[in-house]
Amino acid sequence: MYYLIICLCSFSFLTALISEDLVVGTTSGYAPFVSINAEGEYEGFDIDIAKAIADKLGRKLVIKDFGSMPALILAIKQNKADFLIWSISITQERQKQMAMIYYQGEKTTSLPLLFWGEIPDQIKNLEDMANNPKAVISVEAGSFQENVLLSVPGLTLKQVDKVSDAIFELKYGKSQAVLVDNSQKISYMEKFPQLKSLEINLPQSKQAMGNGICLNLENGDLIAEIQKVVNELFKEGAIARLEAKWKLKEAP
């Protein structure tokens, strides 16, 4: 009888561990990484990566939408999420604030600056934009792109919550340009043929080393667990297959 009780208690304890929530912070509207489908469900490359991590850890995935990049960073600092995944570029500055585990993407040495209709003849770089006091560049608040723009003195910026908002600012003449991530360039130019792109080269100090899964620096055990899982996903070819599925790369 006592043996049965002990077994039942042990089983209940193990079940509780296995079903423990894994809270993942993200934000929709960032296809092909994160978006919401017609059924109202989250989908995308990052969502599939989060599911794979939860499966390997034996935990229940809970997706929490924080709405914007600044809110995501605050959430991880306040431990409101176990980790963040949202195509977040790995930079030296961000690594001082949180742990970042590489899982996808290549080194970023340039970014596309988008214009509506045509690129002004006198604009060749960000410094040219800064020399025009009437020129406004829209950018996603808290993003890698915003960090790049803030490093150029004299630029006039307009922060928005999402890149899609920035594109509409551009379309309706409220901004003269939008700086976006390389992964978004093709999809937005296909959706809006009026967009023209100017490649902006980045100084080495502002370049990014791919995308990272972000965790609170104090959560050492979870950092080690997720690093191990990501290593396994690379070794198994799972990440390459998901990149092909979401058209980030050709099929291996």
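I take helices (H or I, at least four residues) and strands (E, at least two) as DSSP runs, numbered from the N terminus. This is a predicted model, so I use local features only at pLDDT of at least 70 and side-chain atom pairs only at pLDDT 80 or more, while totals for chains, interfaces and linings use all residues. Residues are numbered from 1 along each chain as its sequence is written, and side-chain values use heavy atoms, with hydrogens and water left out.

**Entry 1: the whole chain**

I counted 10 helices and 12 strands. The C-alpha atoms fill a box of roughly 85 × 35 × 30 Å along the principal axes. I then checked burial, where buried means under 20% relative accessible area, exposed over 50%, and partly exposed in between (1.4 Å probe, protein chains only). Of the 252 residues, 46% count as buried. Next came contacts, meaning heavy atoms within 4.5 Å. Among contacts between residues at least 6 apart in sequence, 71% join residues at least 24 apart.

**Entry 2: helix α7**

I looked at α7, residues 163–171. Which of its residues are buried? I found V163, A166, I167, E169 and L170. Seen down the axis, these buried residues fall within an arc of 155°, so they line one face of α7. The arc is that of the directions from the helix axis to the C-beta atoms. The cover over them includes strands β7 (110–116), β8 (136–140) and β9 (156–160). Helix α8 (182–191) is also part of that cover, as are β10 (177–179) and β11 (195–201). After α7 comes G173, with a positive phi near 75°.

**Entry 3: K206**

I went to the loop between β11 and β12 (208–215) and found K206 there. Is K206 buried or exposed? K206 is buried, at 13% relative accessible area. Leaving out residues up to four places away in sequence, K206 touches E93, F144, N147, V148 and S151.

For helix pairs I noted angles and axis distances. Axes are lines fitted to C-alpha atoms, for helices over the stretch in contact, and angles run from 0 to 180 degrees between N-to-C directions. Angles under 35 degrees count as roughly parallel, over 145 as roughly antiparallel, 65 to 115 as roughly perpendicular and the rest as oblique.

Helix α2 (45–57) packs on α10 (238–245) at about 150°, with the axes 10 Å apart. That makes α2 roughly antiparallel to α10. From α2, the contact uses F45, D48 and I49; from α10, it uses I239, L242, E243 and K245. I sorted these residues into 4 nonpolar, no polar and 3 charged. Ala, Val, Leu, Ile, Met, Phe, Trp, Tyr, Cys and Pro count as nonpolar, Asp, Glu, Lys and Arg as charged, and the others, Gly among them, as polar.

**Entry 4: α2 against α9**

Helix α9 (220–236) packs on α2 at about 110°, with the axes 10 Å apart. That makes α2 roughly perpendicular to α9. A52, I53, K56 and L57 of α2 meet E225, I226, V229, E232, L233 and E236 of α9. This contact divides into 6 nonpolar, no polar and 4 charged residues.

**Entry 5: α9 against α10**

How far apart are the axes of α9 and α10? I read 4 Å, with an angle of about 70°. That makes α9 roughly perpendicular to α10. V230, L233, F234 and E236 in α9 meet A238, I239 and R241 in α10.
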